[in-house]
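Visitor: I am new to this structure and would like to be walked through it. Please show it first, and then I will ask my questions.

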Amino acid sequence: MVGSSSGEPMVRFKGVQKSYDGEILVVKDLNLDIAPGEFVTMLGPSGSGKTTCLMMLAGFEPATHGEIYLNGEPINNVPPHKRGIGMVFQNYALFPHMTVAENLAFPLEVRGMNKADQQAKVKRALEMVELPEMGGRRPAQLSGGQQQRVAVARALVFDPQLILMDEPLGALDKQLREQMQYEIKHIHESLGVTVVYVTHDQAEALTMSDRIAVFDDGIIQQISSPDVLYEKPDTSFVAQFIGENNKLGGTIEKVQKDGTCVVKLSTGDMVKAKGVNIGEVGSRTTMSLRPERVTINPKAKSVPNIVEGTIAELIYLGDHIRTRMTVADSDEFIVKIPNAYGHAALKEGSKVKVGWETEDCRALDPL
Amino acid sequence: MENTTAPATLVTADGTPLKASLQRALRQRRRQAFMLVLPLLVFIFVLFIMPIATMLTRSVDNPEVNSILPRTVIALQSWDETTGELPSEEVFKTIAAEFVAGSQPGKKVINKVGKRLNYELPGMSSLFRTSTRKIRRMKTGPYREKMINIKIVGKRWADVATWRLLKREGDPVTASYFLSAMDMRVDSKGEIKSKPVDNQIYKFLFVRTFLMSIGITFMTILLGYPIAYLLATLPMRHAALLMILVLLPFWTSLLVRTSAWMVLLGNEGVINDLLVWAGFLGDKSRLALINNRTGTFVAMTHILLPFMILPLYSVMKTIPPSYMRAARSMGATQLRAHIKVYFPLTLTGIGAGTLLVFILAIGYYITPELVGGQSGVFISNQIAGKFDSGNWGLASALGAILFVFVLLLYAVYDKIIGIDKMKLG
Amino acid sequence: MKKLFTKGTALAALAVAGTLGAGVTAASAETTLTVVSWGGAYTASQQGAYHAPYMAANKGIKIVNDDSASGALAKLRAQVEAKNVTWDLVDMVASDAITACDDGLVEQINPDKDLAAAPDGTPASKDFFAGTLNPGGSNCFIPQIVYSTTFGYRTDKVKVAPTSVCDVFDLKKIPGKRALEKKPINNIEWALLCSGVPKDKLYEVMSTKEGIDKAFAKLDTIKSEVVWWTKGAQTPQLLSDGEVVIGSTYNGRLFAAIEEKKQPIAMLWDYQVFDLDGWVVPKGGKNTAEVMKYLKFATDTQRLADQAKFISYGPARYSSGPLVGKHGKLGIDMKPHMPTNAKNAKTQLLFNYEWWADNRASLDERFNAWLAK
């Protein structure tokens, strides 16, 4: 994994703001450094500003305020065709009136490369995406996955240092999408290019990225590596958006020196949680707890936090039983029970105890 | 899996052959579908196919001589027109009898023949009208001598050309309307010749109609393309306003528009006044912008512009902005991206628009009539003129030629672009 | 007032020709007569002089005006072709009436049987102007009026008032645009008169190619300054707007512009061309008997004289002339405004139907070719 630690960043957003209508800021205050060779994903729900950021970087939308740097140079006034950035679009944007080879040769041709070099490059690019025989076809004659590969090849064929991908896998079915994720990741690693990737699919982001910037409401909520993002979310939004999450609302009763706090649930039960993003004693908080970290019917005293809940629904999923429960103020409290001896006796409507470690329960901003 | 030993004919559960059963099921569905489109078929047949068929028929239909002077036509068959001698007394007697029969009070039809023949040979009209009166008074022969001696017009009966014409036009089918439509005629010797230069007009007008239509089509592309582009790319709000401006000509009465052009383009019109006021023109050298070719050109470009814009717009609307962005991201300048990527993708729209505008233009009548003056009229103005003066045959022949041209264009378009790719907004 | 055919209608009529079946018959007790005329002041004059008094005297008759006389020949042809004649009486200029008669579109007329005699007992065939009942040898036309095509000019825009029709061809004497009718008729005659051809040799010269060449050569000298009109109303409008300084049109139109609208326009009567306008009865009409009764009334001596109260056209009967009085509204004596008035008719031409019937088609062709090039 390439870190963002040393040297000059390849891309820098500095205090970038964007508004389309002069009334609403779709990007509020973006500060982001992307190191050379890094694979950074902008993740967020639609309307969160992620695509706008990508378009500003590509040069298709001007920044309303702030500056974007590429290799240390400000590029706000550089037109898109002079930025030398490769781009893969949501629907591939392969030119339907050109063959695959002509599509690939296009960026080379506009750069004035001679025909022989163009052909050699196109051939190599097609081999890279494992479509060596498809040069003579039209995009419409290819399958979705093949088109996707051609689009990637086209973005790479003129050797840009930076590739932007705008939801490139959105149009593919699930299986193909997963396969392509690995292929893109593989290409990224073998070529060492910098990739800025936009998606709203958190699984995709987790699979591919070095770092993920989670966007919401025009702001980067958190930017971290996938594991940190999953295990140590800073805000309730991130916790909720990345992976499956149980949220429990409560009031902070006490904050200890080591950062642990005591929270009073709506039932009056007291639980301990790791204070991450909390206010004063007496203020509200929403705690985040991953389903796989919850144990059912724990032995007394084996974990610090034990509360009672009611089973609302049991869904048999083979390797585990997905159990939806009502716990305190949450009636969407999910517990994943391994399909092992002893748990089969659970019944819908019955009351059971659930327990967890204090470390696994993060007290965050109130939702 | 296919069973290789299956019997030759498959049967349904009750033993009917599967094919017959399928046929029956399909036949019923076909019948229902047919009943659904029947009103449309009848409509098209009655109001579209029949009139066109009638028009095509009329362009060669030549009933006058054949039906009003049938016995003369038969009698003339044995006359040898190459000798230069007049037909026999028998023929004169026959035609005299038919003159009498064709001029019975209340059933007077003989002058139709004169009018018809007058298209081919000026003077036939008065020959027939005058002769009718005189021949009705002839009780006995010799008819040849008496007819030749009719005052003033009789000499035409002594002219072999008159009889050649009668014999030739005795055929119920004639090519003379088509010949006339191509500025040709059959001369007195029966040979096909060009009309005198002073009388040649249709070929000239066909060529003008085509050239001006090409020019107008080109102008609509030039003006319509950027507008369609704006329509397709502007935000909805602005695009809707622009669309209203584009469609406005459709909703405005032609007379209102004509008045507007007159106000704008007239000798004392806004444009001339402005140019004079600004000092570009002297008061005496005002530009002639209306009642000439310029007027037709400007007005028709204006009228036909939506027919170019709408197909272009509908094609452009389907081109995702990502194509242009992709091209730009790959290093193409705005201009290059437009030429190499955007423009080729709009070709089907241009094709559809061109076909539509051009076909409408070559058949346009009312605008050239109103603002075209003399130098800006089209062939259709002549067609209308021929209908008015009662020469439906020539009007139909001219119409048929135009019709064939349109069909040809259509075929060419189909060959090059494909009719199935046509998008009309 | 003459032909300006709304050209699309002929095509449209052709399109529906095959589709329309039996016509609609007025089922009410009242008989409705559809009378086609030129609209505007002309129809108003007929309404005042003929229709209103006839309806007052015949309670069961209702006369409806249809203003589609321009283009009536083409429309009538379409109606007869479709065997669905909806018109009962049509106002036409004589040349169209001749064509309609030749083509069997209209009924034949027997003047002494169908038309009223003069008050002194002179039969109709003798009371209408000589030759006007059977122009070009046709017997379908009942003339109402004699009108003329003549010139009007802007009194304030000419340096010298024109005195002769040849001044129209003189760009030095009368500079500026002039309006002429967009057809060869009259223009060829005037051009030849002004090329030195004597009036009595006119049609003889016109029957030769050289004669026609000569006429077009004369027209060539003013071609660039001509605005061509197709509707009688255009010239008065062009004159009022100052778009032309002189122009030909029907004398009644000029009378209206001069006397009713008080425009600075004056008449030039030199070589005015007389023409006739009158009635034809469509063949296959549904109320032929009623129409013939009406016609007998509407074309009698008094009725024709009455029409001149409303419009400055001359009645077509000898016996009507002395009865012409004052204009209904303006109160001015109409006699000096009649084209047939001796003072106005010093030089004049009569439209030669026979010659034009023979040569119209070929001259139209040449005229159109000449115009288009």
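Guide: A residue is called buried if 20 or more other C-beta atoms lie within 10 Å of its own. This is a predicted model.

Visitor: What percentage of the residues of chain A count as buried?

Guide: The C-alpha trace of chain A spans about 75 × 45 × 40 Å along its principal axes. Its secondary structure comes to eight helices and 20 strands. Of the 367 residues of chain A, the share that counts as buried is 43%.

Visitor: Of the contacts in chain A with a separation of 6 or more, what percentage is between residues 24 or more positions apart?

Guide: Two residues are in contact if their C-beta atoms lie within 7 Å. Among contacts in chain A with a separation of 6 or more, residues 24 or more positions apart account for 65%.

Visitor: Which elements give two or more residues to the side of chain A that touches chain B?

Guide: On that side, 17 residues of chain A are in contact with 15 residues of chain B. By class, the chain A side has twelve nonpolar, four polar and one charged residues. The elements of chain A that give two or more residues to it are β6 (85-88) and α2 (100-110).

Visitor: Which helix of chain C gives the largest share of the side of domain 1 that touches domain 2?

Guide: Chain C is divided into domain 1 (7-145 + 277-335) and domain 2 (147-275 + 348-372), and their C-alpha centres lie 28 Å apart. Across the boundary, 14 residues of domain 1 of chain C are in contact with twelve residues of domain 2 of chain C. The domain 1 side divides into ten nonpolar, three polar and one charged. Its largest share, three residues, comes from residues 94-102 of chain C, helix α4.

Visitor: Which residues touch the most other members of the largest nonpolar core?

Guide: This core has 147 residues, and helix α14 (residues 293-317) of chain B gives the most to it, with 14 residues. Apart from it lies another core, of 105 residues, including Ile85(A) and Phe241(A). In the largest core, the residues that touch the most other members are Ala100(C) and Val280(C).

Technical notes:
Residues are numbered from 1 along each chain as its sequence is written. Chains are lettered from A and ligands numbered from 1 in the order in which they are written. This is a predicted model: local features need pLDDT of at least 70, side-chain atom pairs count only at pLDDT 80 or more; totals for chains, interfaces and linings use all residues. A nonpolar core is a set of buried Ala, Val, Leu, Ile, Met, Phe, Trp, Tyr and Cys residues joined through C-beta atoms within 7 Å. A residue is buried if 20 or more other C-beta atoms lie within 10 Å of its own, exposed if 12 or fewer, and partly exposed in between; C-beta atoms are placed from the backbone. Helices (H or I, at least four residues) and strands (E, at least two) are DSSP runs, numbered from the N terminus. Ala, Val, Leu, Ile, Met, Phe, Trp, Tyr, Cys and Pro count as nonpolar, Asp, Glu, Lys and Arg as charged, and the others, Gly among them, as polar. Domain bounds come from an automatic or database domain assignment.
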